[in-house]
Amino acid sequence: SSGLSSSNAYPNADQTGCELCPAGEQPNEENTGCEQCPAGTFSDGTAVSSYSAVCKACSSSSGLSSSNAYPNADQTGCELCPAGEQPNEENTGCEQCPAGTFSDGTAVSSYSAVCKACSSSSGLSSS
């Protein structure tokens, strides 16, 4: 991999070039290898220009940009929380919506819009 300029890379074993960290990981502090992304973040394993962009929150992702998402188990991508739930504070999974609110499980741009009151909803099912 010649001329790889990426903050998601570390020198290969004989230090003649660079290797990208795989999805779900970021370069370690010594830049001698890779380590798991911090909890609540993910990496898709692509080359990025800044170290802070290697492991990112689902809400800042271009793949599935949603505040109703959390990193999957191996931290290589994001999954939407199901209807009735919202991402937990650590962004490691989902938790029940607060009392008096609901979620239809769709992707939303802001966290405050995941669980909403019926008065702010357009999806009213009339019986």
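**Reading the features in turn**

A: One may begin with a single side-chain arrangement in this predicted model. The charged end of Lys 56 sits over the ring of Phe 42, 5.1 Å from its centre. A charge is taken to sit over a ring if NZ of Lys or CZ of Arg is within 6 Å of the ring centre and within 35 degrees of the ring normal.

Q: Which ring has the charged end of Lys 116 over it?

A: That ring belongs to Phe 102, and the charged end of Lys 116 is 5.2 Å from its centre. As for pairs of aromatic rings, the structure holds zero.

Q: How is burial judged, and what percentage of the residues of the protein count as buried?

A: A residue is buried if its relative accessible area is under 20%, exposed if over 50%, and partly exposed in between. Of the 127 residues, 38% count as buried. The accessible surface of the protein comes to about 7200 Å², and carbon and sulfur atoms account for 49% of that surface.

Q: Is Ser 43 buried or exposed?

A: Ser 43 counts as buried, because its relative accessibility is 1%. This residue lies in the loop between strand S4 (34-36) and strand S5 (69-71). Its side chain reaches the backbone nitrogen of Gly 45 at 3.1 Å.

Q: Is Gln 15 buried or exposed?

A: Gln 15 is exposed, because its relative accessible area is 66%. Gln 15 is found in the loop between strand S1 (9-11) and strand S2 (18-20). Its C-alpha atom is separated by 9.8 Å from that of Thr 32, 17 residues apart along the chain.

Q: What is the handedness of the disulfide of Cys 37 and Cys 55?

A: The torsion about the S-S bond is about -75 degrees, so this disulfide is left-handed. Cys 37 and Cys 55 are both in the loop between S4 and S5, 18 residues apart, and the pair links distant parts of the chain. The S to S distance is 2.0 Å, and both cysteines are buried.

Q: Where do Cys 81 and Cys 94 lie?

A: The disulfide that joins Cys 81 to Cys 94 has an S to S distance of 2.1 Å. Cys 81 lies in the loop between strand S6 (78-80) and strand S7 (85-87) and Cys 94 in strand S8 (residues 94-96), so the pair ties together parts that are 13 residues apart in sequence. This link is left-handed, with -95 degrees about the S-S bond. Cys 81 is buried at 1% relative accessible area, whereas Cys 94 is partly exposed at 26%.

Technical notes: Residues numbered from 1 in each chain as written. Predicted model: local features only at pLDDT ≥ 70, side-chain atom pairs only at ≥ 80, totals over all residues. Heavy atoms only, no water. Phe/Tyr/Trp six-rings, centres within 6.5 Å; stacked < 30°, edge-to-face > 60°. Helix = DSSP H or I, 4+ residues; strand = E, 2+ residues; numbered from the N terminus. Buried < 20%, exposed > 50% of the residue type's maximum accessible area, 1.4 Å probe, protein only. Polar contact = N/O pair within 3.5 Å; in protein donor to acceptor, adjacent residues only side chain to side chain. Areas by Shrake-Rupley, 256 points an atom, 1.4 Å probe, with all protein chains shown as cover. Disulfide = S-S within 2.5 Å.
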